[in-house]
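Student: Hey, can you walk me through this one? I've never looked at it before.
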Amino acid sequence: MDELLPEVVARLRRSITGEVKTDAVTRVLYSTDASIHKIRPLGVVFPRNGEELMPIIELCRQYKIPLVPRGSGSSLAGQAIGSGLIIDCSRYLN
């Protein structure tokens, strides 16, 4: 799977008020952290509150999409990147 299915993107956008980004620029920006590793994600979501985490997790479970929680992206060993859906918790969940 190279990108999120349009159905998954639509369901995410209906389920949360936060942002759902699957454009090439966002995916490239989130393909690295402070390590030397580079892995392009399927997309990035920015939940606005903790209650929005459960619909994201449930949807990814249904479609078997790996989840990568991310804070500031300062990992030195590649823990903040992955080939699945990145949940950026730094923008609104601080």
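Tutor: Let's begin with two strands: E1 and E2 run antiparallel, joined by 3 bridges. One of the residue pairs here is Glu 19 with Phe 46, its bridge partner in E2. Keep in mind that this is a predicted model.

Student: OK, and in what order do the 4 strands of the open sheet come?

Tutor: The order is E1-E2-E4-E3, and the pairing is mixed.

Student: How much are neighbouring strands turned against each other?

Tutor: By 20° on average, with direction ignored.

Student: And in which sense do E2 and E4 pair?

Tutor: Parallel, over 3 bridges, with strand E4 covering residues 85–88. For instance, Gly 43 has Leu 85 in E4 as its bridge partner.

Student: Which helix lies across E2, E3 and E4?

Tutor: That's helix H3, residues 53–63, and it runs at about 170° to E4.

Student: Changing topic: which residues touch the most other members of the largest nonpolar core?

Tutor: Leu 4, Leu 12, Val 45, Ile 56, Ile 65 and Leu 85, out of 14 residues in that core. Helix H1 (6–15), H3 and E4 are the elements that give two or more residues to it.

Student: What is Ile 56 in contact with, leaving aside neighbours within four places in sequence?

Tutor: Leu 12, Ile 16, Val 45, Pro 47, Leu 67, Leu 85 and Ile 87. There's also a second, separate core of 5 residues, and Tyr 30, Phe 46, Val 68 and Ile 86 are among them.

Student: Why does Tyr 30 count as buried?

Tutor: Because its relative accessibility is 13%, and buried means under 20%. Phe 46 also counts as buried, at 1%.

Student: Which residue lies over the face of Phe 46?

Tutor: Arg 91 does, at 4.0 Å from the ring centre. Another arginine, Arg 48, lies over the face of Tyr 92, at 4.3 Å from that ring's centre.

Student: One last thing: where is Ser 31 found?

Tutor: In the loop between H2 and E2. Ser 31 counts as buried, with 2% relative accessibility.

Student: And what does Ser 31 touch, not counting residues up to four places away in sequence?

Tutor: His 37, Lys 38, Ile 39, Arg 40, Pro 41 and Ile 81.

Terms used. Residues numbered from 1 in each chain as written. Predicted model: local features only at pLDDT ≥ 70, side-chain atom pairs only at ≥ 80, totals over all residues. Heavy atoms only, no water. Buried < 20%, exposed > 50% of the residue type's maximum accessible area, 1.4 Å probe, protein only. Lys NZ or Arg CZ within 6 Å of the ring centre and 35° of its normal. Pairing = 2+ DSSP bridges. Axes fitted to C-alpha atoms, helices over the stretch in contact; angles between N-to-C directions. Contact = heavy atoms within 4.5 Å. Core = buried A, V, L, I, M, F, W, Y, C linked by side-chain atoms within 4.5 Å.
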